[in-house]
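Open the model in your viewer and keep the selection panel at hand. Each stop below gives a selection and what is there.

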Amino acid sequence: PPPPPVVSTVEHILSAIFGLELWGCRVVVHGPELPILDGSAAPWAALLEEHSEADAGALQGWADALRPVTLAAPVRCEKDDAYAEASPASELSLSYEVDFPGTPIGRQRYELRWPGGDSPGGPAYAAEVAPARTFT
């Protein structure tokens with residue numbers, strides 16, 4: 001059988017879908033990757049927001065399926081000296097740190113917290129997360 005299709009550079013559109021709290025979304029991709037645009041989720045968020053429709057009845061019957069995932073124990077993924085970790089918590093918080101000694105990037109750290117019960121989307125997402133750029 002042929003290998004399964006692979007699509008690269010999905011992180012920005014997935015971030016925008018999460019940040020805008022879009023639950024019913026189908027993305028059709030023509031090619032091996034999504035356009036990188038400006039290197040952030042902001043253009044994707046603007047496009048999705050402009051072309052999405054609010055439908056109060058769209059989630060009817062999906063309440064159980066859309067409950068947030070609750071971690072019972074920390075989960076960690078490592079490669080060389082890099083890692084990502086998720087831990088159980090009463091609120092959503094994100095922290096990110098990079099260290100590239102001897103480069104213009106240097107060492108940088110950023111943290112963002114949403115109090116328990118608040119939605120991680122909306123203005124906080126649009127202002128703090130969507131414009132963040134990645135690099136290669």
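Start by selecting Ala130. Ala130 touches Ser40, Ala41, Ala42 and Tyr125, leaving out residues up to four places away in sequence. Contact here means heavy atoms within 4.5 Å.

A word on the model before moving on. It is predicted, so local features need pLDDT of at least 70 and side-chain atom pairs count only at pLDDT 80 or more, while totals for chains, interfaces and linings use all residues. Residues are numbered from 1 along each chain as its sequence is written, and side-chain values use heavy atoms, with hydrogens and water left out.

Ala130 and Tyr125 belong to the largest nonpolar core, along with Ile13, Ala16, Ile17, Leu34, Ala41, Trp44, Ala45 and Leu48, ten residues in all. Helix H1 (11-19) and helix H2 (42-51) each supply at least two residues of this core. Such a core is a set of buried Ala, Val, Leu, Ile, Met, Phe, Trp, Tyr and Cys residues joined through side-chain atoms within 4.5 Å. Buried means under 20% relative accessible area, exposed over 50%, partly exposed in between (1.4 Å probe, protein chains only). Helices (H or I, at least four residues) and strands (E, at least two) are DSSP runs, numbered from the N terminus.

Now select H1. Which residues of H1 are buried? They are His12, Ile13, Ala16, Ile17 and Gly19. The buried residues of H1 pack against H2 and helix H3 (123-129). As a reminder, an α-helix has 3.6 residues a turn, so residues three or four places apart point the same way.

Zoom in on His12, within H1. His12 counts as buried because its relative accessibility is 5%. Beyond its neighbours within four places in sequence, His12 contacts Ile36, Gly39, Ser40, Ala41, Trp44 and Thr134.

Step back to Val10, in the segment before H1. Val10 has 29% relative accessibility and therefore counts as partly exposed. Draw a C-alpha to C-alpha distance from Val10 to Ala41: 10.0 Å in space, for 31 residues in sequence.

Jump to strands E3 (residues 92-100) and E4 (residues 106-114). They run antiparallel, joined by nine bridges; two strands pair if DSSP finds at least two bridges between them. Tyr96 stands opposite Tyr110 in E4. Five residues lie between the strands of this hairpin, and Gly102 has a positive phi near 75 degrees.

Last stop: Arg76 and Tyr83. Arg76 lies over the face of Tyr83, at 3.7 Å from the ring centre. The rule asks for NZ of Lys or CZ of Arg within 6 Å of the ring centre and within 35 degrees of the ring normal.
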